[in-house]
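The sequence and the coordinates are displayed below.

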Amino acid sequence: MRAAVQREIGQDKLEVVDDAEAVGFGPGKVRLRIKATGLCHSDLSAMNGVLPQPAPFIPGHEGAGEIVEVGEGVDRLKAGDRVLVCWLPACGQCPSCQRGQTHLCLTGFLNAATPNYRCASGDVFGFAGTGTFAEELVVDAACAVPIPDDVPYEIAALIGCGVTTGIGAALNTAKVRAGSSVAVLGCGGVGISVIQGARAAGAAEIVAVDPVAARREGAVRFGATEAVGPEELADARNRLTSGEGFDYVFEVVGRSDTARTAYETTRRGGTLCVVGAGAMDDFLKINMFELFFDEKRILPSLYGGGDVLRSYQRVIRLWRAGRIDLAGLITHRVRLEEVNEAVRQMRSGEALRTSITV
């Protein structure tokens with residue numbers, strides 16, 4: 001079967017091969033035929049080494065498709081079911097799951113250490129234990145989440161990560177209040193989803209911050225009350241909050257310098273929500289006096305926080321009600337053999353999300 005492979009970390013382009021095989025099928029597993037997948041910035045971060053990932057590997061973790069077969073012991077799924085891929089499944093048994101913090105379950109991360117593909121050259125890993133840039137995928141049954149018939153595959157794929165992450169950061173983690181002021185630093189697909197979540201929560205002012213003009217224009221279409229370049233952020237803060245700072249500031253880039261700017265842009269007693277996935281050697285510096293004196297809450301948000309299955313359901317309900325726009329997030333479409341064009345589009349900032357038909 002066809003798949004897009006990253007041979008070495010730091011390699012600029014993916015290699016589309018036709019000799020890949022999805023392996024590991026057996027009890028408790030399902031085999032999926034991937035129909036659509038999105039390119040998330042985390043995929044690029046794994047490709048360039050910012051996020052740890054063994055190589056060679058097949059990127060992709062925003063996917064949706066159809067069940068081809070189910071392994072022994074799988075009784076809630078059957079061949080033909082339409083599903084999205086959950087790259088962070090909950091085991092239901094670990095301390096995090098027992099506390100109700102299912103998004104902190106480590107089961108999905110443990111899966112990432114086992115190759116789930118094979119090519120003629122040897123074993124190949126799937127990114128985040130999945131690897132949706134392939135025609136087929138074998139995963140634990142918990143990774144396959146049924147979707148209603150009215151949800152298109154390309155939209156379901158986005159719900160599997162970027163949309164759930166952004167909307168969940170606003171609603172689950174930060175718990176944006178109606179009438180509040182919000183700033184969002186980084187307006188790719190996840191940042192736009194944060195904006196939509198803040199709008200759904202009733203925020204009064206939502207300032208989108210991004211160096212790319214096309215993304216700023218897109219942010220306004222999706223609910224930002226205004227959009228500015230990074231150099232204009234201080235002026236927006238002074239204008240809208242009398243210099244006090246925003247009630248909620250979301251860092252959706254994954255860099256310490258951006259997080260520091262976000263911290264400084266948050267009002268005393270406000271909330272900084274860190275959504276971007278950064279490198280292990282990139283440290284955010286905050287002195288002990290300001291940490292104590294300003295009493296700003298710093299809240300990391302992994303996968304949007306909360307129960308991801310409930311978050312999927314909420315996103316679908318909001319989408320059906322017309323409260324959020326998911327189709328508009330897909331600004332470009334390519335086929336699997338054109339995957340490097342999708343990579344180029346994201347690196348340049350040209351695309352919010354590129355949907356890849358497999």
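The side chains of E264 and R260 form a salt bridge with an N to O distance of 2.9 Å. The model is a predicted one. Both E264 and R260 belong to helix 9 (residues 256-265), where they are four residues apart, about one turn of the helix. E264 has a relative accessible area of 44% and is therefore partly exposed.

A second salt bridge, at 3.4 Å from N to O, connects the side chains of R268 and D294. This pair links distant parts of the chain: R268 is in strand 16 (residues 266-274) and D294 is in helix 10 (residues 288-294), 26 residues apart. R268 is partly exposed at a relative accessible area of 46%, whereas D294, at 14% relative accessibility, counts as buried.

## The strands around strand 12

Is strand 12 mostly covered or mostly open? Strand 12 (residues 181-185) is mostly covered, with five of its five residues buried. The side chains of S181, A183 and L185 point one way from the strand, while V182 and V184 point the other way. Burial thus applies to residues that point in either direction, because all of them fall in the buried class, under 20% relative accessible area.

Strand 12 has parallel pairing with strand 13 (residues 205-209) over five bridges. Within that pairing, A208 of strand 13 is the bridge partner of V184. Strand 12, helix 6 (residues 189-201) and strand 13 together make a β-α-β unit, which is right-handed. Strand 12 also pairs with strand 15 (residues 246-251), again in the parallel sense, over four bridges. There, V182 stands opposite Y248 of strand 15.

Four strands make an open sheet with mixed pairing, in the order 3-8-9-5. Its edges are strand 3 (21-22) and strand 5 (57-58), each of which pairs on one side only. Strand 5 pairs with strand 9 (residues 122-126) in the parallel sense over two bridges, and F57 stands opposite F125 in strand 9.

D123 takes part in a salt bridge with R118, the side chains meeting at 3.7 Å from N to O. Both partners are partly exposed: D123 has 46% relative accessibility, and R118 has 38%.

## Backbone exceptions

Most residues other than glycine have a negative phi, and most peptide bonds are trans. The bond joining A55 and P56 is a cis peptide bond, with omega about 0°. P56 is located in the loop between helix 1 (41-47) and strand 5.

S242 is exposed, at 72% relative accessibility. E295 also has a positive phi, about 50°, and is not a glycine. E295 lies in the loop between helix 10 and strand 17 (297-300) and counts as exposed at 61% relative accessibility.

## Nonpolar surface and annotated span

L104, L106, F109, L110 and L302 make a nonpolar surface patch of about 470 Å². Among them, L106 is placed in the loop between helix 2 (95-98) and helix 3 (107-111). The relative accessible area of L106 is 55%, so this residue is exposed.

An unreviewed UniProt entry lists residues 10-352 as "domain: Enoyl reductase (ER)". In the model, the end C-alpha atoms of this span lie 23 Å apart. The span is 31% helix and 24% strand.

How values were computed
Residues are numbered from 1 along each chain as its sequence is written. This is a predicted model: local features need pLDDT of at least 70, side-chain atom pairs count only at pLDDT 80 or more; totals for chains, interfaces and linings use all residues. Side-chain values use heavy atoms; hydrogens and water are left out. UniProt positions are given in the numbering used here, feature names are shortened, and annotations may be inferred rather than shown by experiment. Patches are made of residues with over 30% relative accessible area and no salt bridge: like charges are joined within 9 Å, nonpolar side chains (Val, Leu, Ile, Met, Phe, Trp, Tyr) within 5 Å. Accessible areas come from the Shrake-Rupley method with a 1.4 Å probe; for residues, only the protein chains shown count as cover. A salt bridge is a side-chain nitrogen of Lys or Arg within 4 Å of a carboxyl oxygen of Asp or Glu. Buried means under 20% relative accessible area, exposed over 50%, partly exposed in between (1.4 Å probe, protein chains only). Two strands pair if DSSP finds at least two bridges between them. A crossover is right-handed if, with the strands pointing away from the viewer, the path from the first strand over the helix to the second runs clockwise.
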